[in-house]
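Please read the report below alongside the sequence and the coordinates. It takes the sheets in turn, then a metal site, and ends with a single residue.

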Amino acid sequence: MTDTAVDEVVSLCQDLLRIDTSNTGDPRTTVGERVAAEYVAEKLTEVGVEVVIHESAPKRANLVARIPGADRSRGALLVHGHLDVVPADASEWSVPPFSGEEKDGYLWGRGAIDMKDFDAMMLAVVRDWQRTGVVPPRDIVLAFTADEEAGMTYGSQFLVREHADLLSGCTEAIGEVGGFSYTVNDDLRLYLVETAEKGINWLRLHAKGRPGHGSFVHDDNAVTAVAEAVAAVGRHRFPMVVTPTVRTFLEQVSDALGIEFDPDEPELTIAKLGPIANLIGATLRNTANPTRLEAGYKDNVIPGKASATIDCRTLPGQAEIFLEQLRGVIGPDIEIEHLQQQAALETGFDGALVEAMSDALRAEDPGARAVPYMLSGGTDAKAFTTLGIRCFGFAPLKLPPDLAFSSLFHGIDERVPVEGLRFGARVLDRLLRNS
Ligand SMILES: [Zn+2]
């Protein structure tokens, strides 16, 4: 890839950052997805790529394009990025969040790392190929989705449900959140490739009691009951379970840092990880965090019911066991309502695609070592995996050693290092040419 082609990733990313695609979770106030999809369409059709745009609802646009490969009998590789972002409160930012400003070696803006950086890399690579006549070894399917930030209903889930034909033949996929560097020392950087994701289980707990007057002695109060359950869940630590992905990650990281890995005390290793400790720590156990409470309508009336929402994240293979454990914590009288459930995923860190990732990283950074890790959150991979596609998080970025990367996701002053972005475009180019 020539430097000129690499340069384009910066202006493409800047353009995308300047399109406000805030996803509020409410279709009435969500904006910009259609505008962004049309921008992507223009950049692709300009170089001769055919695109299709499907709206799941007015202006909730999803774009898919297929680049034919040399061997069309092989399984296709899906490369996906979402176009929506979480909202940003401009008053909290150092720069206007939709300015795409370049400052201090970074592009600043909501979506800079989540994930308009990778959207721009996809465009830069494919535009370069089209201009220079590069044909990838197998079909590459590009998908730019809506609604990743609010449950995927209008985005990847819609594509999987209504337009699976566009994804036909896809056997593997790459998308967010992986491929970023964690610096061990000047000569060694670990690049975390996402090979697993925790499952999502949003639950509402309901307590019932005897309604009554607030002035009486009352021993059957729904507010008290739900509060006790919420407090118990909030303070509970579920047992540690070291899955194959997390074990491999910790072994590799211990080796790189020159420390002993004790499988019985993985938290000791994690405590030494600095900026990514938080990211990895959440993948050692199932978690359940109370997020909402609802009860009552008047200060002196004891309501007959009260409820609370719990955001639960489960390890691969733990969904059933988790519910049993949760029941043990909240007791028998609380009713559980299932609001949203998405399965965890986990794949091995092996095969030709994984080798191609390692090779592409090493070619651009001789100090690179690719390691697998599990993401505690969720991505569009959750939808694509239901089609039997083997999903990885690989949106390559070389990061400055001191950057608190994980706190930039949905964070104030989200920004991407310009050199890291250019690095990512070169790595993606190499990977897609050799996969
Ligand atoms: Zn994202």
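Strands β4 and β5 run antiparallel and are joined by two bridges. The model discussed here is a predicted one. Within this strand pair, Glu102 has Leu107 of β5 as its bridge partner. The two strands belong to an open sheet of three strands, ordered β4-β5-β19 and paired in the antiparallel sense. Its edge strands are β4 (102-103) and β19 (415-417), each of which pairs on one side only. Helix α1, made up of residues 3-17, packs on this sheet and touches β4 and β5, its direction making about 20° with that of β5.

## Strand β2 and its two partners

Strand β2, which covers residues 61-67, is mostly covered, since six of its seven residues are buried. On one hand it is joined by five bridges to strand β1 (residues 51-55), the two running antiparallel, and in this pairing Glu55 stands opposite Ala61 of β2.

## The zinc site

Which residues coordinate the zinc ion? The donors are His82 through NE2, Asp114 through OD, and Glu176 through two OE entries, at 1.8 to 2.6 Å. The angles among the four donor atoms run from 55 to 153°, and the site is irregular. For reference, the ideal angle for four tetrahedral donors at a metal is 109.5 degrees.

Along the sequence, the donor residues follow the spacing H-x31-D-x61-E. Asp114 is placed in the loop between β5 (106-108) and α3 (116-132), while Glu176 is placed in the loop between β7 (170-175) and β8 (180-185), so the pair ties together parts that are 62 residues apart in sequence. Asp114 and Glu176 are both buried.

Another open sheet contains four strands in the order β12-β14-β10-β15, with antiparallel pairing. The strands at its edges are β12 (287-295) and β15, each pairing on one side only, and the twist from one strand to the next averages 20°. Between β12 and strand β14 (residues 305-314), which run antiparallel, there are eight bridges; Ala288 has Cys312 as its bridge partner in β14.

Helix α5 (residues 222-235) packs on the sheet, where it touches β10 (199-208), β12 and β14, and its direction makes about 15° with that of β14. Helix α9 (residues 319-330) likewise packs on the sheet, touching β10, β12, β14 and β15, with a direction that makes about 30° with that of β10.

## Gln342 in strand β15

Gln342 lies in strand β15, which spans residues 335-342. Is this residue, Gln342, buried or exposed? Its relative accessible area is 10%, and because this is under the 20% cut-off, Gln342 counts as buried.

The side chain of Gln342 makes a polar contact of 2.6 Å with the side chain of Gln340. When neighbours within four places in sequence are left aside, Gln342 is in contact with Gly151, Met152, Gln157, Gly199, Ile200 and Lys382.

Notes:
Residues are numbered from 1 along each chain as its sequence is written. This is a predicted model: local features need pLDDT of at least 70, side-chain atom pairs count only at pLDDT 80 or more; totals for chains, interfaces and linings use all residues. Side-chain values use heavy atoms; hydrogens and water are left out. Buried means under 20% relative accessible area, exposed over 50%, partly exposed in between (1.4 Å probe, protein chains only). A polar contact is a pair of N or O atoms within 3.5 Å; within protein, one must be able to donate a hydrogen and the other to accept it, and residues adjacent in sequence count only if both atoms are side-chain atoms. Contact means heavy atoms within 4.5 Å. Two strands pair if DSSP finds at least two bridges between them. Axes are lines fitted to C-alpha atoms, for helices over the stretch in contact, and angles run from 0 to 180 degrees between N-to-C directions. Donors are N, O and S atoms within 2.8 Å of the metal (3.2 Å for Na, K and Ca); water is not among the atoms, so sites may look incomplete. Four donors count as tetrahedral if all angles lie between 85 and 135 degrees; four count as square planar and six as octahedral if opposite donors are over 155 degrees apart and all others between 65 and 115; anything else is irregular.
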